[in-house]
Amino acid sequence: MNYIFKSIDHYQLASPITEDQSRKFFTEILMFREVKKPLSLSSNGGLWFESGSIKIHVTLRKKSASRT
């Protein structure tokens, strides 16, 4: 299945899945290219992807403690 995006300038997403799963989804399924984050932001974690003019930043949500 191919997706055609017409326009997204910049989008920040919070992902409930792991970094590896997020990377696989964006690079192998949506065919985005992973780009290196600036050194000043790399310690914050997360991933950045681009496809043409589309830029998506993915923040990995930390698992919250289960409630009893």
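Trainee: How many salt bridges does the structure hold?
Mentor: The structure holds four salt bridges. Please keep in mind that this is a predicted model.

Trainee: Which residue meets Glu19 in a salt bridge?
Mentor: The side chain of Arg23 does, with an N to O distance of 3.3 Å. Both residues lie in helix α1, four residues apart, which is about one turn of the helix.

Trainee: What else does Arg23 form a salt bridge with?
Mentor: Arg23 also forms a salt bridge with Glu34, and the closest N and O atoms are 2.7 Å apart. Glu34 lies in strand β2 (residues 33-35) and Arg23 in helix α1, so this pair ties together parts that are eleven residues apart in sequence. Glu34 is partly exposed, with a relative accessible area of 32%.

Trainee: And Arg33, which partner does that one have?
Mentor: Arg33 forms a salt bridge with Glu50, with 2.9 Å between the closest N and O atoms. That pair links distant parts of the chain, since Arg33 is in strand β2 and Glu50 in strand β3, 17 residues apart.

Trainee: Is Phe26 buried or exposed?
Mentor: Phe26 counts as buried because its relative accessibility is 6%, whereas Phe25, at 35%, counts as partly exposed.

Trainee: What about the pair of Phe26 and Phe49?
Mentor: Phe26 and Phe49 are stacked, 4.8 Å centre to centre with 15° between the planes. Phe26 lies in helix α1 (residues 19-29) and Phe49 in strand β3 (residues 47-51), so the pair ties together parts that are 23 residues apart in sequence. Phe49 is buried, as is Phe26.

Trainee: Which residues do the ring pairs link into a cluster?
Mentor: Ring pairs link Phe25, Phe26, Phe32 and Phe49 into a cluster.

Trainee: Lastly, the surface: what makes the nonpolar patch?
Mentor: Met1, Tyr3, Phe5, Phe25 and Ile29 make a nonpolar surface patch of about 560 Å². Among them, Met1 is in the segment before β1 (10-15) and counts as exposed because its relative accessibility is 81%.

How values were computed:
Residues numbered from 1 in each chain as written. Predicted model: local features only at pLDDT ≥ 70, side-chain atom pairs only at ≥ 80, totals over all residues. Heavy atoms only, no water. Patch = residues over 30% accessible without salt bridge, like charges linked within 9 Å, V, L, I, M, F, W, Y side chains within 5 Å. Areas by Shrake-Rupley, 256 points an atom, 1.4 Å probe, with all protein chains shown as cover. Helix = DSSP H or I, 4+ residues; strand = E, 2+ residues; numbered from the N terminus. Buried < 20%, exposed > 50% of the residue type's maximum accessible area, 1.4 Å probe, protein only. Phe/Tyr/Trp six-rings, centres within 6.5 Å; stacked < 30°, edge-to-face > 60°.
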